[in-house]
Amino acid sequence: MPTPADVVFRGGPVHTIDAARRRATAVAVRDGRIVVVGHDPDVRDLIGPRTDVIDLAGRALLPGFQDSHVHPALAGTTLIRCDLSDARDAEATFALIRAYATDRPEEAWISGGGWNMDAFAGGTPSRLQLDAIVPDRPVFLINADGHGAWVNTRALELAGVTRDTPDPADGRIEREADGTPQGTLHEGAAALVGDLVPGLDAADGLRALLAGQARMHSVGVTSWQDAMVGSAHMGLDPLDSYLTAARSGQLTARVVGALWWERGQGAEQLERLLDLRASSSVGRFTATSVKIMQDGVAENFTAALNEPYFDGCGCHTGNSGLSFVDPVALREHVTLLDAHGFQVHVHAVGDRAAREALNGFAQALAANGRSDHRHHIAHLQVVHPDDIPRFAALGVTANLQPLWAAHEAQMDELTIPFLGDERAAWQYPFGDLLRSGATLAAGSDWPVSAPDPMWGIHTAVNRVLPSFADPSDTVFLPEQRLDLTAALAAYTVGTAYVNHRDHDTGTIEVGKLADLVVLDRDPYAGPAAEIANAEVLGTYVEGTAVYTAKAL
């Protein structure tokens, strides 16, 4: 008799996402790995008295989802502080801040975040609005996309930020007519106040990470790349929390940490990064990537564009956004990191930033030869058509955040009018990238947007947000839609590839780790407009449940 399996899934569609894209109806797991992929008769003899038999009852089994660019610890910090992510308008935002401050009179600073730019005129809430709620304590609230902060007058006073304070090279202070800081701080300007905010102690840092991990598991995510570790940017460095959780066994996900490239420094930080990489491989956590943030975001006009933004009336403004790292220096830095075995993970929203990143990878390839570091560029909101073929040619993965590729207020009111028609049509070119032969990975950038992969998959397929009832009326650049299989692959084996874990995760195959997710329905069985309705019933890491809904 064969040795019994520890876990058997049977009685439902199994989408393997392997090269053959084959279907099965049963999977058996022993010692954390998949030992059978087949049909119910194939696993019958593996069921012993201690085997956990999970009857799928027609529900779907897929590889565990993987997120290629996310900030769970930062999101967890918001969850345990002033969380504004559920507020859809200004009044709801004010109410949440008021309630939080009232309930915590002992807190010296009111901090947190998640506020939506489209809830406020021009995306820039005022210090005076915060003063009316919290006049006596400093307030520092990061916005939902993580690229700015909203502060009150008391916080500006403590930081010494006045009308005479110049804009930092990597950011902008929003100002009133007389030059007085208005209360919104963009990009690097947020640090003028953010550096004063008390950080989390070790216990709260771990609590924030575990809260973020629990949320990720609840939406089926078993692995991710944290796009910012090794620096206290925006007041939080989760690296120690990851290492603590990994050592204690509390880290149940597989995580690659992308070490933060300090853009105010140059090659002299290489030794620090090498030391961090050497000391930060513990259990399920490794720090083998380096994150370079090359530009900002389009809605605050800091995404780096080849041509200037419009002013909304069709006139060029003279502002083409910011390249946070000098483009020539960027090429040298990427080449240096590549030579020392680092994966390079670049944030590029604008078409100039994407081109600058690609130029860096081209120089690294020419200088060092082809490697298996699996470099990737995240976000890719605006990509010049001439640069689309370069991803496949250079072996650079396109790291997509699909939930952004849809019509919504931030897109329609704060972005498209300032890009103009031609560039607006270059946004989130998922279909073009796939047709060009590029490798696709996908992620959420949570807490910038929701962490639920099925919502991202829905948007990648429909180019419509899940909340829209009729996608036929509001499709955003329909020629850039992905089919369901391509979208699922980006959230599974595509991200596993980026994280160098495709040899043992990302697909359902014999010998691979049993990192799996059970959905309440087969996403292939219904219309595309209902993909986002699929709910996660169970998430498994090495065959052990890390999340189980009551319905399973």
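## Helix H10: ends and length

Asp326 caps the N-terminal end of helix H10 in this predicted model. One of its side-chain oxygens sits 3.1 Å from the backbone nitrogen of Val328. Beyond the helix comes Gly341. The phi of Gly341 is positive, near 85°.

H10 covers residues 327-339, which makes 13 residues. At 1.5 Å a residue the helix should span 18 Å. Its end C-alpha atoms are 18 Å apart, so the span agrees with expectation.

## Helix H10: the buried residues

Which residues of H10 are buried? They are Leu330, His333, Val334, Thr335, Leu337 and Asp338. An α-helix has 3.6 residues a turn, so residues three or four places apart point the same way. Leu330, His333, Val334 and Leu337, among the buried residues, can be read with that in mind.

What covers these buried residues? The cover includes two helices, H9 (270-279) and H11 (351-368). It also includes two strands, E15 (285-293) and E16 (343-348).

## The eight-stranded sheet

Strands E15 and E16 also belong to an open sheet of eight strands. The order is E6-E13-E14-E15-E16-E17-E18-E19, and the pairing is parallel. Strand E6 (65-70) lies at one edge and strand E19 (440-442) at the other. Each edge strand pairs on one side only. From one strand to the next, the twist averages 25°.

Leu400 stands opposite Ala442 of E19.

## Helix H18: ends and length

Asp483 caps the N-terminal end of H18. A side-chain oxygen of Asp483 lies 3.2 Å from the backbone nitrogen of Thr485. After H18 comes His500, with a positive phi near 55°.

## Helix H18: kink and burial

Where is the kink in H18 centred? It is centred on Ala490, and the angle is about 45°. Ala490 is also one of the buried residues of the helix.

H18 is mostly covered, with 12 of its 15 residues buried. The alanines among them are Ala486, Ala487, Ala489, Ala490 and Ala496. The buried set also includes Leu484, Leu488 and Val498. Tyr491, Thr492, Gly494 and Thr495 are buried as well.

Technical notes:
Residues numbered from 1 in each chain as written. Predicted model: local features only at pLDDT ≥ 70, side-chain atom pairs only at ≥ 80, totals over all residues. Heavy atoms only, no water. Helix = DSSP H or I, 4+ residues; strand = E, 2+ residues; numbered from the N terminus. Expected span 1.5 Å × (residues − 1). Buried < 20%, exposed > 50% of the residue type's maximum accessible area, 1.4 Å probe, protein only. Contact = heavy atoms within 4.5 Å. Polar contact = N/O pair within 3.5 Å; in protein donor to acceptor, adjacent residues only side chain to side chain. Pairing = 2+ DSSP bridges. Axes fitted to C-alpha atoms, helices over the stretch in contact; angles between N-to-C directions. Bend = angle between axes of the 7 residues up to and from the residue.
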